[in-house]
Amino acid sequence: MSGFQVLLHFLHTSHCLYKEIERSGTKQNIECPTCQRSITIPEGGVKAIPRNLHLGFEVEVAGCISKFGSDGEKSCDACIDGSTGPAVVFCCTCHHLLCKPCHDHHKRNKILQHHQMVGLDKESLKVLPSIMKPITKRFCSQPDHEKEELEYYCATCQLLTCRDCTLFLHKDHRIDETCNIAKVHRDAMREVLVCAQEMTSKLTEAFDANDKMAEQVGTSRENATLIISQAFEQLHQTIEERKKALLSHVEAISLSKTTALALQKEQLMKMQDEIDCYTEMTSLILQTHTDHEMVALGDLLPTELKATLKKIENVSLTPNQSSDIHVSLHTDTLIKELSIFGDVMDSSPSPSQSTWSSESVAKVNEVYGVKVETMASKGERYPYGGLQVKAELRPKSHDGAVVPGEVEDHGDGTYTITLTPQTAGPHQLLLTMDGQHVQKSPCDLYVLQSMTVETSMYPVISDNSIHVFDQAGQQRRTIGSSGSGDGQFRGPRGLFIKGDVMYVADCDNHRIQKLTTGGQFLQKFGQFGSGQGPFNKPFSVIVDQRDRLIIADHSNHRVVILDETGTWLSTIEDNDHPFKNPYGLALDPQGNIHVAAHGSNCIKVFTPEGTYVRSYGDVRRPFRIVIDEEGYSLVNEFGGNCLSIFDPQGNKVHTVGNLNAPRGVNSKF
């Protein structure tokens, strides 16, 4: 279609879309002739696509130059019949060829006398593109409005309009001045241009980081090659084939990394090219476009550029590879294991990811064991030894000596450390690997004083304290007092003894406290709330064979499982088999968890992993439950005023009645 240009993707333009539509055989979608991107034709057809007014002006300039360059006389564009003579000048403001009378009329007219004229000689033709000005005033095409300037914009119709049209054709529409709309578009372009420039800075940093990482990969490759070469020189011809394989592995990893980094850089450069395209076009538009051109352009460019920047924001700008190429060699054992010797990894030992485990209780003058497992930087297990692993046990008081650990390297990435504490009280355990702390190091460790366990003592919870009685009923000691400090309690509901350690469900303080059986405070877990970490009135706590803490979180209607350090592991909250207000907990011989669901009037059974197994017992508001070695369970029914005994299958076999709201079943330690 001739006579006007339209805007397509990336401000591409076309004036022959009718031919493109005819060629494609559809009136809905065609390809942009410039970039081959798909274009959806709006409902109004080609005429509804935004006009490229600026390019239209450039086409007009080219047309004028072509007209100037033609031979022969040129007719006047202003005269009706051209009878007054040939054109002698060109008006750079009106874009008209003018004869001498029309030229004289321009000079006499107050409005037209300031227009710039050029002659029709070849020298004027050379300067025409630089002095020809775009038409800044455009007039209405409605009948009787031809002299009215398009000073307004109808946002409802998305059209430039004159003052008279706003009063009639666009009455009650959203109207604003053209200059205001143009300012909005300019501001939007400036804003997105700033974003593009900021993204350019980020991409530049990404290029530098990519190049630096590629250089580090090369350095790592050279170092790895040197290590392997020096080792293989000692093994002579018998290991040449293995040497080549390892070097090939290094080269493969290096190639993989550099290729990945190169591909990433290529992607980043494409993004930069796309932004440069937008940036150059936006800057050009801001410098050259008139208000009408800006309005005609609309928000097409900002929308396109914002979409591009949004796409780039979702792309990682950090190098997609590390520089690690770690080589591990054991020269002393090479000759014995040539066929399987050596390996090359694209990651190195990571102390911060390496894990360790230890015994739950440390005692004075008794060996305390720690096991360390080395992990690599990518999260996989590191299967080699030879690292410098150290351990120290430091008392927090100034009167104790630092205890160094004895380390045994098993050669497979695991280490056993033994320490013998010399003093009781709070300590700090430090574990390092090649001079760096391993995961969770340093950590607090309380060392107990060695003592003989009293086997015939009974704890009783009363008056916010724990009273310990002997077999004769004499009170031997009291642990704790009323309050919220360490070792104090508010409404304690349950406790569990394991060895020399006692765990207390400090209900109204919404926490679990860990103490020695002698009453020394060790640790506390939790605070009031829900989610991972807090509790809402914990009623019971038990410890299973894996040293996990299992807690009845009463008012959160769930059972929580922690590890021995208090770290959250999981929650038992089965939506298909919900329970209300869990009170008592017990473990059967298979390790299954039995929950006295006080508000659900039954006992619910779950596997050690928290999977629902079954429910049993027609009980009324059960409080506590204990299970013997054969799997028989004893449940006190607070609402039934009785104790009930169930066999391992959950069948009730006996009931002891006439009790007054029994609340607990005591345990001996």
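# Briefing: aromatic cluster, nonpolar cores and local backbone features

F539, Y583, F623 and F638 together form one aromatic cluster. The model is predicted. Its largest nonpolar core has 22 residues, and another core, of 20 residues, lies apart from that one. A cis peptide bond is found between S441 and P442.

**Aromatic pairs**

- With ring centres required to lie within 6.5 Å, the count comes to six aromatic pairs.
- In the pair of F539 and Y583, the ring centres are 4.3 Å apart and the planes stand at 45°, so the pair is tilted; the angle falls between the limits of 30 degrees for stacked and 60 for edge-to-face.
- F539 belongs to strand β30 (residues 538-543) and Y583 to strand β34 (residues 582-587), so this pair ties together parts that are 44 residues apart in sequence.
- F539 counts as buried at 6% relative accessibility, and Y583 counts as buried at 9%.
- The rings of F623 and F638 also make a tilted pair, because their centres are 4.9 Å apart and their planes lie at 35°.
- This pair links distant parts of the chain, 15 residues apart: F623 is in strand β38 (residues 622-627), while F638 is in the loop between β39 (633-637) and β40 (642-646).
- Both F623 and F638 are buried.

**Nonpolar cores**

- Within the largest nonpolar core, the residues with the most contacts are L203 and I275.
- Two or more residues of this core come from each of the elements α6, α7 (240-288), α8 (291-297) and α9 (300-313).
- Helix α6 gives the most to this core, with nine residues.
- Leaving aside residues up to four places away in sequence, I275 touches A196, M199, T200, L203, L309 and I312.
- The separate core of 20 residues has V370, Y415, C443 and L445 among its members.

- T178 lies in helix α6, which covers residues 178-232.
- T178 is buried, with a relative accessible area of 4%.
- Not counting residues up to four places away in sequence, the contacts of T178 are L150, E151, Y152, Y153, L160, D291, H292 and V295.
- M269 is found in helix α7 and is partly exposed, with a relative accessible area of 41%.
- From C-alpha to C-alpha, M269 and T204 are 9.3 Å apart in space, although 65 residues separate them in sequence.

**Nonpolar surface patch**

- L167, F168 and L169 make a nonpolar surface patch of about 370 Å².
- L169 is located in the loop between α5 (163-167) and β10 (175-177).
- L169 is exposed, since its relative accessible area is 52% and the cut-off for exposed is over 50%.

**Backbone features**

- Most residues other than glycine have a negative phi, and most peptide bonds are trans.
- The cis peptide bond that joins S441 and P442 has an omega of about 0°, and P442 lies in the loop between β21 (436-437) and β22 (443-448).
- N464, a residue other than glycine, has a positive phi near 60°.
- N464 sits in the loop between β23 (457-462) and β24 (465-470) and counts as partly exposed at 24% relative accessibility.
- K537 is not a glycine, yet has a positive phi of about 60°.
- K537 occupies the loop between β29 (521-525) and β30, and at 29% relative accessibility K537 counts as partly exposed.

Technical notes: Residues numbered from 1 in each chain as written. Predicted model: local features only at pLDDT ≥ 70, side-chain atom pairs only at ≥ 80, totals over all residues. Heavy atoms only, no water. Helix = DSSP H or I, 4+ residues; strand = E, 2+ residues; numbered from the N terminus. Buried < 20%, exposed > 50% of the residue type's maximum accessible area, 1.4 Å probe, protein only. Contact = heavy atoms within 4.5 Å. Patch = residues over 30% accessible without salt bridge, like charges linked within 9 Å, V, L, I, M, F, W, Y side chains within 5 Å. Areas by Shrake-Rupley, 256 points an atom, 1.4 Å probe, with all protein chains shown as cover. Salt bridge = Lys/Arg side-chain N within 4 Å of Asp/Glu carboxyl O. Core = buried A, V, L, I, M, F, W, Y, C linked by side-chain atoms within 4.5 Å.
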